[in-house]
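I opened a notebook page for this model and looked up a few items in turn. My entries follow the display.

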Amino acid sequence: MAIRRIRTEGEEILRLKCKPVKEVTESIRSLIDDMFETMYASDGVGLAAPQIGILRRIAVIDDTQGNKIALINPVITSFEGEQTCTEGCLSLPGYQGEVVRAKKIHVEAIDLNGKPVSFDAEDFFAVVCQHEIDHLDGVLYKDKAENYRKQEAAQ
Ligand code: NI
């Protein structure tokens, strides 16, 4: 396992569309281990492959509320409702903003063994899924945010 360098705004790879994973190999599983390690080292709740310079449709999530998952080739197949959440991003350090997203989504992906998986996500978990899946298409939360701004100093 290794901590990878997180790309920040201005690095072109964050704006590119990622390619699907054709086969879940040992090197993909090893990449996912590194993604979790890199995310935890930065206290993030999600990390997408382009954020560490890899143009593949892979994201990892641990929302700290019991939802820990690696998503390979994820697709959101339904959106319901609406919620507004204050978001940040490891690639936009020191900033935050409010984004309106679906309250409940259904996600289809493949797992670490290459098997199809699907699940519903609601509330904060759904926010993180939508944020990370956007990264795979070169979309950053700031593109959708209201009041994108520097984070207030910690109280
Ligand atoms: Ni992000």
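Is phenylalanine 36 buried or exposed? I found phenylalanine 36 at 11% relative accessibility, so it counts as buried (under 20% relative accessible area, with exposed over 50% and partly exposed in between, using a 1.4 Å probe and protein chains only). Tyrosine 40 has 36% and therefore counts as partly exposed.

I noted that this is a predicted model, where local features need pLDDT of at least 70, side-chain atom pairs count only at pLDDT 80 or more, and totals for chains, interfaces and linings use all residues. Residues are numbered from 1 along each chain as its sequence is written, and side-chain values use heavy atoms, leaving out hydrogens and water.

Next I looked up where these two residues sit. Phenylalanine 36 and tyrosine 40 both belong to helix α1 (residues 26-41), 4 residues apart, about one turn of the helix (helices are DSSP runs of H or I, at least four residues, and strands are runs of E, at least two, numbered from the N terminus).

Then I turned to ring pairs (Phe, Tyr or the six-membered ring of Trp, centres within 6.5 Å; planes under 30 degrees apart are stacked, over 60 edge-to-face, the rest tilted). I got 4 aromatic pairs. Phenylalanine 36 and tyrosine 40 make a stacked one, 6.1 Å centre to centre with 20° between the planes. Phenylalanine 119 and phenylalanine 125 are also stacked, at 5.7 Å and 15°, and both are buried. Tyr95, Tyr141 and Tyr148 are linked by ring pairs into a cluster.

Last, I checked for a charge over a ring (NZ of Lys or CZ of Arg within 6 Å of the ring centre and within 35 degrees of the ring normal). Lysine 68 lies over the face of phenylalanine 36, 4.8 Å from the ring centre.
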